[in-house]
Amino acid sequence: MTTLSEIIKNMGEGVLLREGYFEFLHKAVYATQPQTLTFMGGKKYIPILGRNRNISSVICTKEVAEKIQEQYHVGLVIH
């Protein structure tokens, strides 16, 4: 399993808001495996977190992160 802090360290950028763990990388709507990391580029994707418990971590914009942080307990990185 990989951590979000490892990704930030390897990429050299990003702000970790909440540590998360993942094994898979998918688009949010196709996250069929547990422990999936996804990217959310807009607020319209946030409701997917309520429907898909396979998503464990999210890379997103600051605007999206503020909304996710209030409602969901997933790993978060601002990019």
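**Entry 1: Ile8.** I looked up the contacts of Ile8 and, leaving aside residues up to four places away in sequence, found Glu13, Gly14, Val15, Leu16 and Val77; contact means heavy atoms within 4.5 Å. I am working with a predicted model, where local features need pLDDT of at least 70, side-chain atom pairs count only at pLDDT 80 or more, and totals for chains, interfaces and linings use all residues. Residues are numbered from 1 along each chain as its sequence is written, and side-chain values use heavy atoms, with hydrogens and water left out.

Is Ile8 buried or exposed? Ile8 is buried, at a relative accessible area of 16% (buried is under 20%, exposed over 50%, partly exposed in between, with a 1.4 Å probe and protein chains only). Ile8 sits in helix 1; helices (H or I, at least four residues) and strands (E, at least two) are DSSP runs, numbered from the N terminus.

Entry 2: I traced an open sheet of five strands, ordered 2-7-6-5-4, with mixed pairing (two strands pair if DSSP finds at least two bridges between them). Strand 2 (15-18) and strand 4 (24-25) are at the edges with a single partner strand each, so one side of each has no neighbour in the sheet. Strand 6 (residues 55-60) and strand 7 (residues 75-78) pair in the parallel sense over four bridges, and Cys60 stands opposite Ile78 in strand 7.

**Entry 3: the cores.** I checked the largest nonpolar core, which has 16 residues; Met40, Leu49, Ile55, Val58, Cys60 and Ile68 touch the most other members. A nonpolar core is a set of buried Ala, Val, Leu, Ile, Met, Phe, Trp, Tyr and Cys residues joined through side-chain atoms within 4.5 Å. Another core, of six residues, lies apart from it and includes Ile8 and Val77.
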